[in-house]
Amino acid sequence: MSLLSILDIGKSALFASQTALNVTSNNIANVNTPGYSREAVVLSIANPVSTSGGMVGMGVMISGIQRSYDRFIQAQLLGQGQSQGRSSAMDNTWGQIESVFNESQGTGLSSALLDYFNAWQDVANDPTSQTPRTALLQKANTLTTNARSMERSILSTLNGASDGISDAVTRVNEIAADIAKLNGQISLQEAGSSAQSANELRDQRDQKLTALAQLVDFSTYEDNNGSLTVTVGMRNLVSGTRTNTLSAAATSDGSMNLVLDGISITGNVQKGEIGGLLAAQSDIQSTALVGLRKLVASITQQVNQLHQAGFGLDGSTANDFFAPLQLSTSTNSTGASVTASAITSQTALTLDEYTVTFDTVGGTYSVLNKQTGATVIPATAYNAAGTAITLPGISVTIAGPVTSTDTFTISPLANAVSNFSVAMTDPRKVAAASAPALPGDNTTALQIAQLTDAAQLNLGNTVFSDYYSNIVSTVGVMKRSASDGLTFDNNLMSALSAKRDSISGVSLDEEAANLVRYQRSYEASARMISVADQLMQTILRM
Amino acid sequence: MQKTMENYARLNQVLGSGKKILSPSDDVSGSTRALAYRVNINGNTRYQQNIDQATARLNVTDTVLTQLYSTLSDVKGLVTQSAGGTMDAATRTSLSFEASLFRDQLADLANTKYLNQYLFSGFRTSTQPYSASTVPAYQYQGDSGVMNVMIDHAATLPVNVTGDSAFSAALAAPAVQQIGSGNYVHYTPGAGTTVNVEIRDNTDTAVLDTFSYSNIMQMTDLLSTAISTNDTLRIQALVTPFSQAQDQLATTQADVGARLLRLKDQSSLLTQGTNTLQTALAAVEDADMTATGVELQKTNVALQALYAASSKIMSQSLFDFLK
């Protein structure tokens, strides 16, 4: 205990105040930095020494700089960010689909459909005249054009979703690389010392995680070295300083398949933007796209069936009004292929799509309904030399070696809308009559006009307009639930962010008060040193 | 602030379009109902148009049938006049000529065209139903096709009248009659609307004369020839057929009248239905302009207040007070 120790105490006080001022000014500087956690200096008493008068402290010591950080809130924010990413992606995508079916704004198929069948009534009212026939062909063209453009819009939305998934995957990989780098830096900085915490680096890493949460759902695990392991879809994305690359590839039916570390994880990604886009894609394909295609296919099938039996003004018969339905097959196999496919009877088609799966153990194939999953043809022996598969109105032959994961898709619907077109140009060939050379005969025209009121077996026993209305209301419901979900997630996110800010955010008022406080203590410490200096000078002059 | 702005923009759109349902997701059940109402209204409008066209056609038919009836009455008068057989050659010639004129008039009326199609030909609308050059003359060239139009969901109405049913005096079963001179006349139905007539003697054994007719034009033609040759038996044999033809024409006219009445009733039913549907559609879809306008004003005021408050809050901090 000496005068010099006063200098030491003063020095420690000066350093402490200086550091505290640095931390405060850092807080003020970062008041607008997103994800920044307020830091505070932790001061403690320096080890006291024993003197004759008792224990005397040796000044102040900085035991650490602490980040105001609530791990629980952070975890909640990450989880909420994943939900929000999904809701936002679904709301956005369904909003685009809704605008295709928005009857109140004039888009959609309803009025074109009504006009078309009304045009048949005009022909029935005046079968000998050219004018209603020409008008009928025009209205039919409008119907086909509208349907085709609706399908194009839906397909472009789906493609946009696929592109969105690819972009998100690229961003995920970038963020993963950044997290891996930060892992290395944090481990390095925190190595050895149990008290040191790489505050700024951890804040940065948390920022990266927040951005990642918007994209995909993941879980994290932090080990003792401060290194974070990030797993997506139960595979490691980031492990220490190593990353695995997430990739997305388009499948044959227009959706995306995610692969991480060699394993397909598409089924395990539910949240985030990627999860939302995947879910929206699959929902849109199974409701809006299939619904539109089935409706158009049913109209084609029913009108053609009646029209072929009728006679035109020039006596011609057996003419299709619309271009007939065509079969499309898609192959998901390396060894086998479809060698023959044909529609054997247009009228026998049930307008379902089929999936062919294989069981190499039993050497069999089976056919399932693609939409419902119901078995259409149970396990039947498969011959690699060529197996003919017969379905209502369809006959397909598959040949070649198969594996258990191979699938084939058989569908009369895939091209139903893109091929939807009027197959005749001559108004005189429009079949209004039921027998040749009877110009006033309007029975066929009347039958076709009455199709609007006929319940269609292939559409689940509903009439055309009800089936279409169901599609529109399904789209409306999906959009409604997506936007409601988004509102809810947004609200929750705001509440959580506000909570986080209240814990970790910088309050300028508080920092201003701290500034004053540490400034005063700095001044006092400086004063103390000059007093100690004076005391020493007094002693030296003795 | 963002929420208020979104609300403001939406209210603006509602006011501009006049509809409170801007997209299906705004009100799913409402927009489904609105779609169904629209489909129904469209159907009703369509049926209304069909009814208007059918009414026009049936009105023309009715007019022609009325004229035909009056001409047929004149022919009947001629029959009664000449049945007595007490006319001199000059009268007979002029009456025969009159009968032939009536025959031509009947044929012309029966050949009426409406919208460039023959009214009474059934489905063979480009074929003239009655012509003097056919063999036999004035044989019906049309068919019995009935043209239906839709006047409601599952309801159709025939809009044409075919010549073979309107202008014939077909018999269901053979009939025998005794005419004024004591002769027996046998009427036997033949193919289609043909009636074969046998005039026998007073004892109903020997066949004196046979002829056949299938429509009023042929009957009038026969009458004209009979008058000029003073074949009173034939003239008398034609009395009952003409009565029957008149009844048949009257029945056809009544049927057309009933159809027109049906169309009128259906039309007013559809109009009422359309009004109800449009009211319902407006209730679901249309925005209450006054209420929306007030809402817009309120939102605007809230927005302004928000702006003012925010600017005050955001500009102050402790630093303003420390020197």
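1. Domain bounds here come from an automatic or database domain assignment. The model itself is predicted. On that assignment, chain A holds domain 1 (3–68 + 506–540), domain 2 (78–83 + 164–279) and domain 3 (327–414). Domains 1 and 2 are each written as two segments. The C-alpha centres of domain 1 and domain 3 of chain A are 80 Å apart.

2. Chain A contains nine helices and 19 strands. Take its contacts between residues at least 6 apart in sequence: 69% of them join residues at least 24 apart.

3. Strand E7 (residues 235–239) of chain A pairs with E8(A) in the antiparallel sense, over two bridges. A:Ser239 stands opposite A:Arg242 of E8(A).

4. The largest nonpolar core has 154 residues. Those touching the most other members are A:Trp120, A:Ile165, A:Val172, A:Ile274, A:Val296 and B:Leu223. Helix H4 (residues 130–190) of chain A gives the most to this core, 17 residues. The core lies between domain 2 (78–83 + 164–279) and domain 3 (327–414) of chain A, because both give residues to it.

5. What does A:Ile165 contact, leaving aside its neighbours within four places in sequence? The partners are A:Ala248, A:Met256, A:Ile274, A:Leu277 and A:Leu278. Of these, A:Ile274 is also listed among the core residues that touch the most other members.

6. A second core is separate and has 16 residues. Its members include A:Phe358, A:Val367, A:Val396 and A:Val402.

7. Last, the contact between the chains. Chain B gives 38 residues and chain A gives 37 residues. On the chain B side, the elements giving two or more residues are helix H2 (28–83) and strand E3 (148–152) of chain B. H2(B) supplies the largest share of that side, 12 residues. By residue type, the chain B side that touches chain A divides into 17 nonpolar, 16 polar and five charged residues.

Terms used
Residues numbered from 1 in each chain as written. Chains lettered and ligands numbered in written order. Predicted model: local features only at pLDDT ≥ 70, side-chain atom pairs only at ≥ 80, totals over all residues. Contact = placed C-beta atoms within 7 Å. Helix = DSSP H or I, 4+ residues; strand = E, 2+ residues; numbered from the N terminus. Nonpolar A, V, L, I, M, F, W, Y, C, P; charged D, E, K, R; others polar. Pairing = 2+ DSSP bridges. Core = buried A, V, L, I, M, F, W, Y, C linked by C-beta atoms within 7 Å. Buried ≥ 20, exposed ≤ 12 C-beta atoms within 10 Å, placed from the backbone.
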